[in-house]
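Here is a short walk through one model. Keep the sequence and the 3D view open as you read.

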Amino acid sequence: MSLTKETIAMIKQSSGLIELNASKISENMYTLLFDLYPQHIEMFDNAPSNQHELLAETISLYAVNIDNLAILKPVLEKISRTHENMGVQEKHYAHVLEVMLLAFKNVLKDKATVPLLKAWEEAILFVSSILIKMEKEPKN
């Protein structure tokens, strides 16, 4: 899977808007996740108290650097290790995609256009595929 040029351009264009709202998007995403999928709450028992801020930083970093994923490699490796320790499974990524897109809609309101949401859906699916692959790789 790879990202289209159109998606990369849309994500880059939205990076300022996303950075400005990343904390609200992240907070809303976790609220939605726990409301819609309460079975995931226990996975976050040992999460840092600033978990939503870490996600907000990651969203912003991804938006700004979507055309240079090498910059994201250390962050993705850390997320992958954390997911493995938490017991994240491939099926959980669909839940995150759903609530992330809802959070974008809730926070960005009329700025969450169909093309923007489609671009972010593709971008989230892309980064999810990277994480899933990393999590399946044998460890040394």
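What covers the buried residues of α2? The cover includes α1 (5-36), α4 (92-108) and α5 (114-136). This is a predicted model: local features need pLDDT of at least 70, side-chain atom pairs count only at pLDDT 80 or more, and totals for chains, interfaces and linings use all residues. Residues are numbered from 1 along each chain as its sequence is written, and side-chain values use heavy atoms, with hydrogens and water left out.

Start with helix α2 itself. Helices are DSSP runs of H or I with at least four residues, numbered from the N terminus. Helix α2 covers residues 51-65, 15 residues in total. From first C-alpha to last, α2 reaches 21 Å, close to the 21 Å expected at 1.5 Å a residue. That expected span is 1.5 Å times one less than the number of residues. The buried residues of α2 are L55, A56, I59, S60, Y62, A63 and N65. Buried means under 20% relative accessible area, exposed over 50%, and partly exposed in between, with a 1.4 Å probe and protein chains only.

Now take T58, which sits in α2. T58 counts as partly exposed because its relative accessibility is 23%. Its side chain reaches the backbone oxygen of L54 at 2.9 Å. Leaving aside neighbours within four places in sequence, T58 is in contact (heavy atoms within 4.5 Å) with V75 and I79. D35 lies 23 residues from T58 in sequence and 22 Å away in space, C-alpha to C-alpha.

Move to S15, in helix α1. S15 counts as buried because its relative accessibility is 14%. The side chain of S15 reaches the backbone oxygen of K12 at 2.8 Å. With neighbours within four places in sequence left aside, S15 is in contact with A63 and V64. A63 is also one of the buried residues of α2.

The largest pocket has a volume of about 970 Å³. Its lining has 37 residues, and Y30, Q51, L55, I79 and H83 lie nearest the centre. The lining residues divide into 26 nonpolar, nine polar and two charged. Helices α1, α2, α3 (73-86), α4 and α5 each supply at least two of the lining residues. L55, one of those nearest the centre, is buried in α2. I79, also among those nearest the centre, is in contact with T58.

Conventions. On a 1 Å grid over the protein atoms alone, a cavity is a set of points where a 1.4 Å probe fits but cannot get out, and a pocket is an open set with protein on both sides within 12 Å along at least five of seven lines; lining residues have an atom within 4 Å of a point. Grid points are joined across faces, edges and corners, and a volume is the space filled by probe spheres set on the points. Ala, Val, Leu, Ile, Met, Phe, Trp, Tyr, Cys and Pro count as nonpolar, Asp, Glu, Lys and Arg as charged, and the others, Gly among them, as polar. A polar contact is a pair of N or O atoms within 3.5 Å; within protein, one must be able to donate a hydrogen and the other to accept it, and residues adjacent in sequence count only if both atoms are side-chain atoms.
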